[in-house]
Amino acid sequence: MKFRLFLLWMAQGIVSLCWGGGLINLNNNFTPPGGTHKAFVMGQDRQPMRKSLGRVEVLDSTGAMIRSGGFGADGLFFLGVTEIPGTVPGGTGTIILRIWDVSTGESYATAAIRQQALVFLENLGGGASPPSSLATGSNFSGFPCLCPDTCYCDSGLVDPWAALDVLEWDGAMMTISGSSSPNSFWALEWSEDLRRWDPIGVVQQSGSLRWVFPQPAHDAGYFRIVHDQ
């Protein structure tokens, strides 16, 4: 299965299509389309994680903390209506959801049992519109297996994910960095027209992703990272 993330490049910088104010109700108390149960956070026993063990935090697309808290019920979190930085009502955005078992570590960074996911948002509320929700305005469908980085679930390894955090340049050089799920490989590619894609640098493995390369000669174009199996 191929996974791709896109980043638009222009000589003047990164173009943002949104300017703050998009609202979403951050809770997983819903059943995804076509599903048979709610979008639970599942523990190692494949049951909804106990309320006393679950912790959740939400980061924006830059990696900055937006909201954090505990569970409101087994397998369920209720973080309330939240403004997503860098978005507008009716617009789109991305967040990173991080979940961990507090009995294995007080924070996500120290926990042995943890999982995170990149979540795409759309039709954000705000202004005259009510807040959207993870149920109707995102691709989130739960955490089917919250377990160590090497965990295998009934259906195999948890799907790989990656997030692009920073695009910066210094003189004639550019840097793209991000993070990814463990034991996954990612390639960076460049296109001027979204049809022909050329590789840049070498494939990166797991954890922290980082590519440093000369600025493209063109004034505009696109980067993407592709899951390399």
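**A tour from β8 to the cores**

Begin by selecting I24, which stands opposite S132 in β8. The model on screen is a predicted one. Now show the whole of β2 and β8: these two strands pair in the parallel sense, over two bridges.

Seven strands make up an open sheet with mixed pairing, in the order β7-β6-β3-β4-β5-β2-β8. At its edges are β7 and β8 (132-133), each of which pairs on one side only.

Next, go to the loop between β7 and β8 and select G125. Is G125 buried or exposed? G125 has a relative accessible area of 0%, so this glycine is buried. Show its surroundings: leaving out neighbours within four places in sequence, G125 is in contact with G21, G22, L23, P89, G90, P130, P131 and S132. S132 is the residue that I24 stands opposite. Then pick G90, which is 35 residues from G125 along the chain; the C-alpha atoms of the two are separated by 5.9 Å.

Turn to the side chains of the largest nonpolar core, which has 24 residues. Select F77, L97, L134 and F140, the residues with the most contacts inside this core. The elements giving two or more residues to the core are β2 (22-27), β3 (54-59), β5 (76-84), β6 (93-101) and β7 (114-121).

Stay on F140 and display what it touches. Not counting residues up to four places away in sequence, F140 touches N28, F30, A39, F77, L97, V119 and L134.

For the last stop, select A162, W211, F223 and I225. These are among the 13 residues of another core, which lies apart from the largest one.

Note on methods:
Residues numbered from 1 in each chain as written. Predicted model: local features only at pLDDT ≥ 70, side-chain atom pairs only at ≥ 80, totals over all residues. Heavy atoms only, no water. Core = buried A, V, L, I, M, F, W, Y, C linked by side-chain atoms within 4.5 Å. Buried < 20%, exposed > 50% of the residue type's maximum accessible area, 1.4 Å probe, protein only. Helix = DSSP H or I, 4+ residues; strand = E, 2+ residues; numbered from the N terminus. Contact = heavy atoms within 4.5 Å. Pairing = 2+ DSSP bridges.
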